Amino acid sequence: MKRRQFIKGSLAIGATATFGGMAGCGPKSTEPQTPIPFKSGDPVPWVNWAGNQSCLPKWRHAPATEDQLLEILKSAKGNVRAVGAGHSFSAVVPTNDTLISTDLLSGLVSHNPKTLQATLRAGTRLNACGPILESIGQAVPNMPDMDYPSLGGALANSVHATGVDFKSMSGYIESLKLATAKGDLIECSASQNPEIFQAAKTHVGSLGVITEYTLQNQKTYDLTEVNGVENLEYVFENMDALCKQNRHFECFLIPYSSECITVSTNFAKPGDKNEGKDDPYAVNTLRSVFESTSWIPLVGDDLYGFTLSQALASEAATIRTGASYKVFAHTRIVRFREMEYTVPAELGIACGREILDTIKKKKLPLSFPIEFRYVKGDDIWLSMFEGQDGCSISIHQYGDLDYKKIFAEIEPIFWKYGGRPHWGKIHTMKAPELVKLYSRHWQDFQDVRLSLDPEGKFMNTHLKDIFGV
Amino acid sequence: MMHSNKINSRLMALLRITALFLSVVSAVSAQPNQRQMQLFSNNCLQCHAAPHTGAPQLGNQEHWQDIIDQGEDIILKHVVEGIGGMPPLGYCSACDEQDLRQLIYLITGLPDSTIPSGESL
């Protein structure tokens, strides 16, 4: 059954018709559209996609060449941060001093048809990478389910997708160029400045500004994605098989429901056709049904779960097929805030169960589906997948609702399972806790960071917290 | 390694589309420079040239009339703060106020308020 249309279909019609008169009983919007209201003539602030991070930098730059970037870095004042699309939820970008946008450092630099490697400028958006690589017969092996971030932002934070045989995107970096605090440009690969390379593959923007990445790609390929609904217990019990049978498999756990949404993606076969439509607003409908039912004393939660199960049971699958980069990516219009932790793969299901139980037990007002994915382990020092295969579990809350109380209830569950926070998403961990999670290479990373930026030019408040500066 | 052209084909295609758009919409008076065209390509077109996003589409005046009627300063406020499915700054971290105004003229067809009335382009 389909992931999004299901909510728009019978559930929306049936449930909102039944409980429509009760709508509005859910939580009220508490979050403003923007943290910094603007009127013409004011300085233009920087605000992230989610609207939970902002700043008013004194100096803003958008270099179009490496030389311009190096000059900017040599003379930059105060704290310096780089920004791509601004899609991170954590405070990795805000600075009131110098903000450098990589927007103009975008596009293809070169490619090698024999090795299937391509060099792209770091400001290239993921949604531009697909067509650019397609034009040279290449495609990335895997990609997140939304493609708005820049390559630099994505790779700095070990952005990932799903698939037990696939590493995070950072795992496919062959080489990179790093512009440092001193205004030097360092070329890095496994054979050239290997320690810097190993640190820079996931550096949260702490080592400098990366200008180019060479990625290991593969030949272009087509995919077919099938969205369905399955019984959650069935999926949990058969998770290993589902992950092995499909090139990519993920599921969305639905709070208060015994069902879950499954997404299975494989190489396209002749005759595969699109069926149904991706509905980016479906989560809003889910929210309205939740708010219409869950408040009802004694039975609200159960009524919501029952309504959802009944509506989901009759749905057919949604199928999307086409070029890999078009199938991986989905439209994201509904604004939300997100916390994600990666726990050891073998603990994922237990962690997921405890989160769902906690939401129900504490009656947390959360209807946004919880994303549940598997990623292959790697050897990148600060990757969430360093040394172990991981299960990444993502908690979302609507952008106009308070997320802090709910995230505070769930975050300790991740800690209990040894979870590592996604660097670009909301979390409250600081250096004393993080060093334990990355014990193998934490100090190696700090040594590289201090050698490149001894004055802490790239350390904003958040980075000081996570790196213990 | 093979090297790409300095201006990639995507940007060239965009320039052709935009030139066509400008030629058929008489009210458009935007004068974007190459930098602003690249910002337009990297940011605005992600949604405003992608009908499945539900965003008002480039070249469809029906989509823009209600927005234009709100006036340039209100449009600018909505662009900076974000509105509906549009994120703050329309994703453009590099844009200053002048950039944003040019992109607004370009995408909505709103006349450039900095050009004196009656002056031809």
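In what order do the three strands of the open sheet in chain A line up? The order is β3-β5-β4 (chain A), and the pairing is parallel. Strands here are DSSP runs of E with at least two residues, helices are DSSP runs of H or I with at least four, and both are numbered from the N terminus. Two strands count as paired if DSSP finds at least two bridges between them. β3 (59-61) and β4 (80-83) of chain A sit at the edges with a single partner strand each, so one side of each has no neighbour in the sheet. From one strand to the next, the twist averages 20°; angles run from 0 to 180 degrees between N-to-C directions, with axes taken as lines fitted to C-alpha atoms, for helices over the stretch in contact. β4(A) is joined by four bridges to the parallel strand β5 (residues 98-101) of chain A, and Ala82(A) has Ile100(A) as its bridge partner there.

All of this comes from a predicted model, in which local features need pLDDT of at least 70 and side-chain atom pairs count only at pLDDT 80 or more, while totals for chains, interfaces and linings use all residues. Residues are numbered from 1 along each chain as its sequence is written, chains are lettered from A and ligands numbered from 1 in the order in which they are written, and side-chain values use heavy atoms, leaving out hydrogens and water. The model scores ipTM 0.86 and pTM 0.90.

Chain A also holds an open sheet of eight strands, in the order β16-β13-β15-β14-β18-β19-β17-β20, with antiparallel pairing. At its edges are β16 (318-323) and β20 (420-421) of chain A, each of which pairs on one side only. Helix α11 (residues 348-361) of chain A packs on this sheet, where it touches β14 (248-253), β17, β18 (370-375) and β19 of chain A, and its direction makes about 170° with that of β18(A). Contact means heavy atoms within 4.5 Å. Nine bridges link strand β17 (residues 336-344) and strand β19 (residues 390-398) of chain A in the antiparallel sense, with Phe336(A) opposite Tyr398(A).

Ser264(A) belongs to strand β15 (residues 259-267) of chain A. With 16% relative accessibility, Ser264(A) counts as buried (buried is under 20% relative accessible area, exposed over 50% and partly exposed in between, using a 1.4 Å probe and protein chains only). Leaving aside residues up to four places away in sequence, Ser264(A) touches Thr224(A), Glu225(A), Val226(A), Asn246(A), His248(A) and Phe249(A).

Elsewhere in chain A, five of the five residues of strand β6 (residues 108-112) are buried, so the strand is largely enclosed by the rest of the structure. β6(A) runs antiparallel to strand β7 (residues 117-121) of chain A, joined to it by four bridges, and Leu108(A) stands opposite Leu120(A). The two strands form a hairpin with four residues between them, and Leu116(A) in the turn has a positive phi of about 60°. Helix α3 (residues 126-134) of chain A is mostly covered too, with seven of its nine residues buried, including Leu126(A), Cys129(A) and Leu133(A).

Turning to chain B, its secondary structure comes to five helices and one strand, running β-α-α-α-α-α from the N terminus. Of its 121 residues, 48% are buried. The chain averages a pLDDT of 80, with 69% of the residues at 70 or above; pLDDT is the predictor's confidence in each residue, from 0 to 100. Confidence in chain B is lowest in helix α1 (residues 9-24), at a mean of 54, and highest in helix α4 (residues 72-81), at 95. Where pLDDT is low, the predicted coordinates should not be read in detail.

On a 1 Å grid over the protein atoms alone, a cavity is a set of points where a 1.4 Å probe fits but cannot get out, a pocket is an open set with protein on both sides within 12 Å along at least five of seven lines, and lining residues have an atom within 4 Å of a point. The second largest pocket holds about 620 Å³. Among its 34 lining residues, His48(B), Ala55(B), Pro56(B), Ile83(B) and Met86(B) are the closest to its centre, and α5(B) supplies the largest share of the lining, five residues. The second largest cavity holds about 150 Å³, and β14(A) gives the most to its lining, with three residues.

Key. Grid points are joined across faces, edges and corners, and a volume is the space filled by probe spheres set on the points.
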